[in-house]
Amino acid sequence: MPLGQRPGDKSDSRYCGVEVLDFPAGEGLPAVLSHSLASAFDFILAPLVDPNYRPAPGAVLPVSASDLVLGPAQWSNHVVGKISEWIDLDAEDERLRLDSELALKQEIAWASHVSLQACVLPAPRRSFCGNYASVVNQILQGLTNMHLWLRLPLEKSEPMDGDLDKIKNNNHTSEIVDSWELWNSFRLLCDHSSQLCVALDISSTLPSINSLGRWFGEPVKAAILQTNAFLTNSRGYPCLSKRHQRLLTGFFNHSVQVIISGRSNLNVFPASGVLSGDESYTEDSPVRHALTPYVEYIACLYQRMDPLPEQERFEINYRDFLQSPLQPLMDNLEAQTYETFEKDVVKYTQYRRAVAKALVDRVADDAVSTTRTVLMVVGAGRGPLVRASLQAAEETGRKLKVYAVEKNPNAVITLHSLIKLEGWESLVTVISSDMRCWDAPEKADILVSELLGSFGDNELSPECLDGAQRFLKPDGISIPSSYTSFIQPITASKLHNDIKAHKDIAHFETAYVVKLHRIATLAPPQQVFTFTHPNFSPNASNQRYTKLQFEMLPDMGSCLVHGFAGYFDSVLYKDVHLGIEPNTATPNMFSWFPIFFPLRKPIYVPEGSPIEVHFWRCCTPTKVWYEWAVTTPTPSPIHNSNGRSYWVGL
């Protein structure tokens, strides 16, 4: 039974599991499963094979239940396999190492046979895990649908104050453990396999907030919450610290399932049942699970979360979905694309405010009756900016003459229909032309455009407005008046694997528009390129180059950079702005998702090391493209050299 109903949330985080600690002898797994499902759990994490088993010639694998006792649907939907914990593939003892390899392959083969969706691999026993990763990598090559979850303790990445003295006195550093380092080594050895994921063991102590944040960019599938992580409230029921609650809320928002593990530490009711070790339990006994209070508390946490906002529900299917940016000059947009953008009320409200302020500044109150302002909407589409401008004129009591310039002949048809429908024939003139080629009959007081892309200039706003500003008066106003792009390094394991699936360099040298979700931001955003309009400089060039150095967040530990998230912020006019840069983002606006610049090979950044990146905006008469490269801590190739993989056509 799901933890509860949260409007808009259809993710796996609604389901909670329980770990079966003891091997259910005598094919007792069906009773364990039945008891757990009847006690509000949705699935079990259960051992597949008797832990006392060791491979021997002719031996039959002693499984916890055959596929005759549990049907395929039960195995697939309600059981996650737990691989035997005695397995040690990096042991010095050769016999143990060989037995471990054989047993692991046998257990995975059995799990595949009964159609399990996932198996949990035991945590590596030591910091070097090369042979373990090698065997797992071999297994991954043969899997089709099943995922392997590597179990790791969520341990702190720095010693506490009390541990520092202990380390100095004992002259060792065994207390300084960072489980992310172990995960990173393992997944690199397995070549970032998309079927290798993480299950994190959560105990009573947690690392720093920044250290925890790294995991949101990793393929964490389960949070195994130990009962010793819980506190006990005044009524004797389990509860979690505020830090644990915030962590679980973050996991819920990232589709991570909770699994309760451990023995009950409570005395709120007599524990009975298979999982509590009660030998008097029978099928006829009242179903009461020893860990029921824990799952009830987790359900309460889940149900207390705010419903997903309407905008998030609209965008949920776009999360981490890679899209190629628009080519607005080369391609004509379809009606459905126009309609989606036109629904962004917030964006056009900001434009209306900007135009209103510009009109008031342009025309004094005592000249309202005698002055008509010429406003040109360049790239008018189906008319939303025309409407916003006329609304601004009505609000301010200013007279307006509008030219709506649009190159898409299909959108021009819609524009004519809109003007006739609204009765704007005397106010609006439609021009079916590319703004860069049109000869205007008069100069404009105000030039309005919505040519911004997710990176500000990536849909060729500078080139278009440079071509259009020739029909703007010398003291004319451009809306927007400026825009700046931003980038920040991120961990984005899912995006990397999705691009890697194409098996070519070109996709790693393409910038993607994407609703970023399962990512970890590693440093605050920094400015990249700025463009200002109008720009009447005779030597103006839209080529740009910049070098940026990012200092990683403090107390975070080492990290892996899969690429750079890009944003923009725009000044429409004076104090009216529009943008998606996280620190200043316009609320409730959905016209733009961030842009993602991937790295062909992810960059490992040791703790305390900065990352230095170079960005170029390159131009020729026919196209514009970006190039990017990392030089610190290790150099990367220059991506997209000469626009060989990705460019925007002029």
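Mentor: A salt bridge is a side-chain nitrogen of Lys or Arg within 4 Å of a carboxyl oxygen of Asp or Glu. Please keep in mind that this is a predicted model, in which local features need pLDDT of at least 70 and side-chain atom pairs count only at pLDDT 80 or more, while totals for chains, interfaces and linings use all residues. Residues are numbered from 1 along each chain as its sequence is written, and side-chain values use heavy atoms, with hydrogens and water left out.

Trainee: Which residue meets K347 in a salt bridge?

Mentor: K347 belongs to helix α12 (residues 345-362), and its partner sits in the loop between β14 (444-449) and α15 (461-468), 103 residues apart. Helices (H or I, at least four residues) and strands (E, at least two) are DSSP runs, numbered from the N terminus. The N to O distance of the pair is 3.0 Å, and the partner is E450.

Trainee: Are K347 and E450 buried or exposed?

Mentor: Buried means under 20% relative accessible area, exposed over 50%, and partly exposed in between, using a 1.4 Å probe and protein chains only. By that rule, both K347 and E450 are buried.

Trainee: How many residues in sequence separate the parts that E218 and R187 tie together?

Mentor: The side chains of E218 and R187 meet in a salt bridge with an N to O distance of 2.7 Å. E218 lies in the loop between α7 (209-213) and β7 (220-226) and R187 lies in helix α6 (residues 179-189), so the parts tied together are apart in sequence by 31 residues.

Trainee: Why does E218 count as buried?

Mentor: The cut-off for buried is under 20% relative accessible area. E218 counts as buried because its relative accessibility is 1%.

Trainee: Which side chain does H614 join in a polar contact?

Mentor: H614 is found in strand β24 (residues 611-619), and it counts as buried because its relative accessibility is 11%. A polar contact is a pair of N or O atoms within 3.5 Å; within protein, one must be able to donate a hydrogen and the other to accept it, and residues adjacent in sequence count only if both atoms are side-chain atoms. At 3.1 Å, the contact joins H614 to the side chain of T631.

Trainee: How many salt bridges does a search of the whole structure find?

Mentor: The chain has 650 residues, of which 55% are buried, and its secondary structure comes to 16 helices and 26 strands. Across the whole structure, the number of salt bridges found is 29.
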